[in-house]
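Open the model in your viewer and keep the selection tool ready. We will go stop by stop, with something to select each time.

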Amino acid sequence: MTNLTQLNIFPVKIFTKVLLDSESNRLEIIDECYRLRDKNNNGIKRSNFGGWHSENNLIQNKVFDKLHNNIIETINKDINVNYYKNLNNKVFTKEFISSSWVTINNNSDFNMPHTHEGSWLSGVFYIKLPDNYKQAGDILFQDPIQQRKHEIWYHKMENGNGRSFTPELGRLVLFPSWLWHQVTGNNTNQDRISFSFNIEYLPPYELNTYTGKKGEYT
């Protein structure tokens, strides 16, 4: 009798890492988030229900430079090496961050289910959390294989058809932009501040010829 072989043919890879304050400039960013909100109190409307959402152009804000750079460094050193090995040591640069923004959620604020169309990789970084951070609002990822709902064991899962992650100060979470996700409600009276971003992708046929500069190929 031969051994049983298990094949995981549709995995969804999510990456997570804690950045030190010295790597992210987190404490300085907190002040900048409130300055931006005071400057544009209405913010913009995206997936947020309540709360405050900044403009999507923080890549132009120098206060966020260190954070942007460390996100790119994480992608190049960790994700490209371990996940997209066919990049052949080619690197992404900060130019590939197509948009980045902050969201400030307080009591009862949440973010509705959504994806980030037109991007390759998206992520969130937790800047400031309430003292009771476990009640501040989890990020919930939905299972992309909806047909699994008919299986009996599936309905016994804590979050039904999803997997939630509790925010942690300085935690960076990276995930495929096509993956449906949402943020549950903040059940505290303190601010939950998160930084989110999108990374553009390279078409597969261009990976081997990419020079490391956006739009430039050999």
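Is Glu-168 buried, partly exposed or exposed? Select Glu-168: it is partly exposed, with a relative accessible area of 35%. Buried means under 20% relative accessible area, exposed means over 50%, and partly exposed lies in between (1.4 Å probe, protein chains only).

Some ground rules come next. This is a predicted model, where local features need pLDDT of at least 70 and side-chain atom pairs count only at pLDDT 80 or more, while totals for chains, interfaces and linings use all residues. Residues are numbered from 1 along each chain as its sequence is written, and side-chain values use heavy atoms, with hydrogens and water left out.

**Stop 1: the whole chain**

Show the protein chain as a cartoon. Look for 3 helices and 11 strands. Helices (H or I, at least four residues) and strands (E, at least two) are DSSP runs, numbered from the N terminus. Trace them from the N terminus: β-α-α-β-β-α-β-β-β-β-β-β-β-β.

The accessible surface comes to about 12500 Å², and carbon and sulfur atoms hold 50% of that. Such areas come from the Shrake-Rupley method with a 1.4 Å probe; for residues, only the protein chains shown count as cover. Of the 218 residues, 44% are buried.

Contacts are worth a look too. A contact means heavy atoms within 4.5 Å. Take the contacts between residues at least 6 apart in sequence: 83% of them join residues at least 24 apart.

**Stop 2: the sheet**

Select β1, β9, β6, β11, β4 and β3. In that order they form an open sheet of 6 strands, with antiparallel pairing. The edge strands are β1 and β3 (52–53), as each pairs on one side only. Two strands pair if DSSP finds at least two bridges between them.

Zoom in on β3. Its antiparallel neighbour β4 (residues 97–105) is joined to it by 2 bridges. Pick Trp-52, then find its bridge partner in β4, Ile-104.

**Stop 3: the helix across the sheet**

Select residues 26–39, helix α2. This helix lies across β3, β4, β6 (121–128) and β11 (192–199). Its angle to β6 is about 95 degrees. Axes are lines fitted to C-alpha atoms, for helices over the stretch in contact, and angles run from 0 to 180 degrees between N-to-C directions.

**Stop 4: salt bridges**

How many salt bridges does the structure hold? There are 5. Each is a side-chain nitrogen of Lys or Arg within 4 Å of a carboxyl oxygen of Asp or Glu.

Stay on helix α2 and show Arg-35 and Glu-32. Their side chains meet in a salt bridge (2.8 Å, N to O). They are 3 residues apart in the helix, so about one helical turn separates them. Arg-35 is partly exposed at 42% relative accessibility, whereas Glu-32 is buried at 10%.

Move to helix α3 (residues 65–82). Here Glu-73 forms a salt bridge with Lys-77, with the closest N and O atoms 2.9 Å apart. These two are 4 residues apart, so about one helical turn lies between them. Lys-77 is exposed at 55%; Glu-73 is partly exposed at 36%.

Go back to Glu-168. Its salt-bridge partner is Arg-171, at 2.8 Å between the closest N and O atoms. Arg-171 is partly exposed, at 21%.

**Last stop: a nonpolar patch**

Select Leu-7, Ile-9 and Phe-10. They make a nonpolar surface patch of about 400 Å². Patch residues have over 30% relative accessible area and no salt bridge; like charges are joined within 9 Å, nonpolar side chains (Val, Leu, Ile, Met, Phe, Trp, Tyr) within 5 Å. Leu-7 sits in the segment before β1 (15–18). Leu-7 counts as exposed, at 65% relative accessibility.
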